[in-house]
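Please examine the sequence and the structure shown below.

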Amino acid sequence: MRMFEGKVGLVLGVANDRSIAWAISEALMAEGAELAFTHLPGESSERRVRRLVEACQPKLLMSCDVQQDRDLDGVFSQMAETYGTIDFVIHSIAFAPPQELRKPYVEMSREGWHLAMDISAYSLVAVSRRAAEIMPDGGSIVTISYYGGEKVFPGYNVMGVCKAALEHSVRYLAWDLGRKQIRVNAISAGPMRTLSSAGVSGFDEMREHAVRKSCLGRNVEFRELGKAGLYFLSDLSEGVTGEVLHVDCGYSVVGL
Ligand code: NAD
């Protein structure tokens with residue numbers, strides 16, 4: 001029997017076939033998981049994500065802007081109506097206005113800061129609260145972070161501050177939801193070429209630096225992030241919550 005046979009999960013954050021959420025989804029589907037997906041509002045996003053996910057014939061593909069409580073309520077009420085209860089959620093979402101990322105952090109506007117924090121950090125709280133209502137027998141929630149939440153990477157700027165908030169939210173959510181046997185963890189991924197990372201200035205240098213510095217002498221691959229997702233979302237990590245797991249070829253343990 002495959003590891004996720006009979007398990008149901010929600011995936012927020014697939015934009016295309018280079019999305020980290022998609023890498024984890026592929027690993028889950030190979031193990032028999034039933035997945036529902038969201039996409040950003042708008043026809044072109046819907047078309048792009050629909051084309052990608054249609055092979056797995058999801059029962060639900062829902063529009064969702066995580067800044068809108070109405071959208072989130074709609075997603076989780078459709079999950080409840082369709083499945084009753086769910087086993088896991090993947091939260092793989094971040095955004096900061098590109099023009100703000102090009103400026104030094106000290107120049108960051110209040111409006112841009114709030115927007116980035118709302119989408120990239122608060123959304124995990126909003127999602128977890130709603131997910132918990134349909135996880136009566138426990139469950140697992142995983143989000144995606146980056147080492148820039150621990151150390152300064154010039155150019156990563158507000159996104160690093162968002163990741164620090166996201167990682168600490170993981171710990172507080174793990175506490176709040178732990179007695180319900182709902183686990184909350186983060187994967188801190190090495191730098192990957194995706195739609196989001198294209199907006200980070202100096203990103204290619206970050207990847208090159210990671211190759212030179214990491215223990216394994218290379219960047220992490222999408223399929224490796226998929227396997228880390230399987231770990232956190234399955235019983236393999238049964239006793240683990242509030243953790244941030246670096247899946248970065250050992251980049252973050254080297255002090256160069
Ligand atoms: P991606 O662009 O494929 O995924 C980002 C997703 O966020 C997209 O699906 C986008 O639609 C979604 N999103 C943005 N604003 C939203 C909103 N208001 N409502 C709902 N969804 C919204 O890029 P990715 O690199 O796969 O990013 C996924 C996560 O991984 C992000 O949290 C990112 O910070 C994190 N991460 C990325 C890297 C990297 O190098 N690419 C490294 C570590 C962590």
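Arg218 is partly exposed because its relative accessibility is 29%, where partly exposed lies between buried (under 20% relative accessible area) and exposed (over 50%), computed with a 1.4 Å probe and protein chains only. Its side chain meets that of Glu224 in a salt bridge, at 2.8 Å from N to O; a salt bridge is a side-chain nitrogen of Lys or Arg within 4 Å of a carboxyl oxygen of Asp or Glu. Salt bridges with shared partners join Arg218, Glu221, Arg223 and Glu224 into one network. Glu224 itself counts as buried because its relative accessibility is 15%.

The model is predicted, so local features need pLDDT of at least 70 and side-chain atom pairs count only at pLDDT 80 or more, while totals for chains, interfaces and linings use all residues. Residues are numbered from 1 along each chain as its sequence is written, and side-chain values use heavy atoms, with hydrogens and water left out.

**Other salt bridges**

- A search of the whole structure finds 10 salt bridges.
- One of them pairs Arg2 with Glu5, whose closest N and O atoms are 3.1 Å apart.
- Arg2 is partly exposed because its relative accessibility is 41%, and Glu5 is partly exposed as well, with a relative accessible area of 33%.
- Another joins Arg193 to Asp204, with 3.5 Å between the closest N and O atoms.
- This pair links distant parts of the chain, 11 residues apart: Arg193 is in the loop between strand E6 (182-189) and helix H7 (203-213), and Asp204 is in helix H7.
- Arg193 counts as partly exposed because its relative accessibility is 45%, and Asp204 is partly exposed with a relative accessible area of 38%.

**Overall form**

- The protein has 8 helices and 7 strands; these are DSSP runs numbered from the N terminus, helices being H or I with at least four residues and strands being E with at least two.
- Along its principal axes, the C-alpha trace spans about 45 × 40 × 35 Å.

**Surface, contacts and charge**

- Of the 256 residues in the protein, 55% are buried.
- The accessible surface comes to about 12,300 Å², and carbon and sulfur atoms account for 51% of this area; accessible areas come from the Shrake-Rupley method with a 1.4 Å probe, and for residues only the protein chains shown count as cover.
- Among contacts with a separation of 6 or more, 73% are between residues 24 or more positions apart; contact means heavy atoms within 4.5 Å.
- The mean positions of the 27 positive and 32 negative charges are 3 Å apart.
- For this count, Lys and Arg are positive and Asp and Glu negative, with His and the chain ends not counted; each charge is placed at NZ of Lys, CZ of Arg, CG of Asp or CD of Glu.

**Backbone angles**

- Most residues other than glycine have a negative phi.
- Asn157 has a positive phi, near 45°, and is placed in helix H6 (residues 157-178).
- Asn157 counts as buried because its relative accessibility is 15%.
- Cys249 also has a positive phi, near 60°, and lies in the segment after strand E7 (244-247).
- Cys249 is buried because its relative accessibility is 9%.

- Gly139 lies in strand E5 (residues 139-145) and is buried because its relative accessibility is 12%.
- Which residues is Gly139 in contact with, leaving aside neighbours within four places in sequence? They are Asp87, Gln181, Ile182 and Arg183.
- Ala228 is placed in helix H8 (residues 222-233) and counts as buried because its relative accessibility is 8%.
- Not counting residues up to four places away in sequence, Ala228 touches Ile187, Leu245 and Val247.
- Ala228 and Ala186 are 42 residues apart in sequence, and their C-alpha atoms are 9.8 Å apart in space.
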